[in-house]
Amino acid sequence: MAGRRERKTFTERNLLIILVVMWVFLAIATGGNFSSWANITNLIRQSSINGVVAIGMTLIIITGGIDLSVGSIVGLSGMVFAIFTSTRGEFQFPTIVGILLALGISALIGLVNAIAVHDGKVPAFIATLGMMTLVRGVVMYISSGRMVTAVPLEYRRFAVLEFLGIPALAWTWIILAAFMMLVLKYTKFGRNLYAIGSNEEAARLSGINIRLNMYSFYIVAALFSAIAGLMLGTRMAAGVPTGGDGYELDAIASVVIGGASLSGGVGTVLGTALGALIIQTIRNGGNLLGVDPFIMQIVIGAIIILAVFFDQFIKSRKKGEGLKKLFKRA
């Protein structure tokens, strides 16, 4: 356990150093354009929606699974809210009702994912891939492939609100990330998450209810995607049928770059947040420097591969050390 904590601290410290170096380099390379307060707040605002999705993805990857449906849930959440609250629609429900409906439907999708993965024994990749396609189809069907506008004014205003010069969307991400960091560190929910991700059989034998916990992990991950969908909707001032498209890939990238292991048992919300900022920094800096966006995509893909390679290297080295100790004892 101590070794895992040391690895987390080491990874987060290195990610922070990398991020600072990137920011200093871009501030110099862009003649100060990157370091302007307007650009920094814009970067954080752009990171916030994917950052919230990535918090939920962190939970799933710590269990050793993966959730490809998160991007589709982002789109569904925003569309459900828009359809039920649009002043030009047939429902015109109050804002709070639209939010609760978006969260409730998304939570149900998370539950279905968990049932398929845990009870149905369907590999998480396949179960959530199917759900991703299904939900995206539902979004297109209920919206007829068109944007739904005329959402409530207070909802639209949220995207432009600021507190202490920081956008409300960024504050939403910061608060949610801080909350989940505390949950994972100090609650039974967090302890069970890491226990199941490290060794599910050992967790079961120690008395942990695997089914109940897996249900809660997938539901919470879906709720984070739903919140991100509402954040995207307020920024677009509409329900967008293609909303959240590709967000699952950015979320996975943020978690992996943030130091989580795809084998489970390792990962932190802080590491994921730094990963999300690094990805957005590459895109933002590339735009300011006039770099082809396709080149930026290649760079991000290469970073993901290197992050996974590093994780596998660390695990293989530890496994080798374990075998050496075993042979010495023999």
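**Note on the predicted model: salt bridges, a helix pair and a cavity**

1. The structure holds 5 salt bridges. The model is predicted. One of the bridges joins the side chains of Asp119 and Arg211, with an N to O distance of 2.8 Å. Asp119 belongs to helix α4 and Arg211 to helix α10, so this pair ties together parts that lie 92 residues apart in sequence.

2. Helix α4 spans residues 95-119 and helix α5 spans residues 124-143. The axes of α4 and α5 come within 9 Å. They cross at roughly 145°. The crossing of α4 and α5 is right-handed.

3. Which residues make the contact between α4 and α5? From α4 come Ile109, Val112, Asn113, Ala116 and Val117. On the α5 side they meet Ala124, Ala127, Thr128, Met131 and Val135. By class, this contact has 8 nonpolar residues and 2 polar ones. No charged residues take part in the contact of α4 with α5.

4. How many cavities of 30 Å³ or more are there? The count comes to 2. The second largest cavity has a volume of about 40 Å³.

5. The lining of that second largest cavity includes Val74, Gly75, Gly78 and Met79. Also in the lining are Gly229, Leu232, Gly233, Ala238, Gly239, Val240 and Gly243. Two elements give two or more residues each to this lining: α3 (70-85) and α10 (210-236). The largest share, 4 residues, comes from α3.

6. What is the class make-up of the lining of the second largest cavity? Its residues divide into 5 nonpolar and 6 polar, with no charged residues. Among the lining residues are Gly75, Gly78, Gly229, Gly233, Gly239 and Gly243.

7. Arg211 of α10 pairs with Asp119 of α4, and α10 gives two or more residues to the lining of the second largest cavity.

Conventions:
Residues numbered from 1 in each chain as written. Predicted model: local features only at pLDDT ≥ 70, side-chain atom pairs only at ≥ 80, totals over all residues. Heavy atoms only, no water. Axes fitted to C-alpha atoms, helices over the stretch in contact; angles between N-to-C directions. Left-handed = near helix turned anticlockwise from the far one by under 90°. Contact = heavy atoms within 4.5 Å. Nonpolar A, V, L, I, M, F, W, Y, C, P; charged D, E, K, R; others polar. 1 Å grid on protein atoms, 1.4 Å probe; cavity = no way out; pocket = protein on both sides within 12 Å on 5 of 7 lines; lining within 4 Å. Points joined across faces, edges and corners; volume = space filled by probe spheres on them. Salt bridge = Lys/Arg side-chain N within 4 Å of Asp/Glu carboxyl O.
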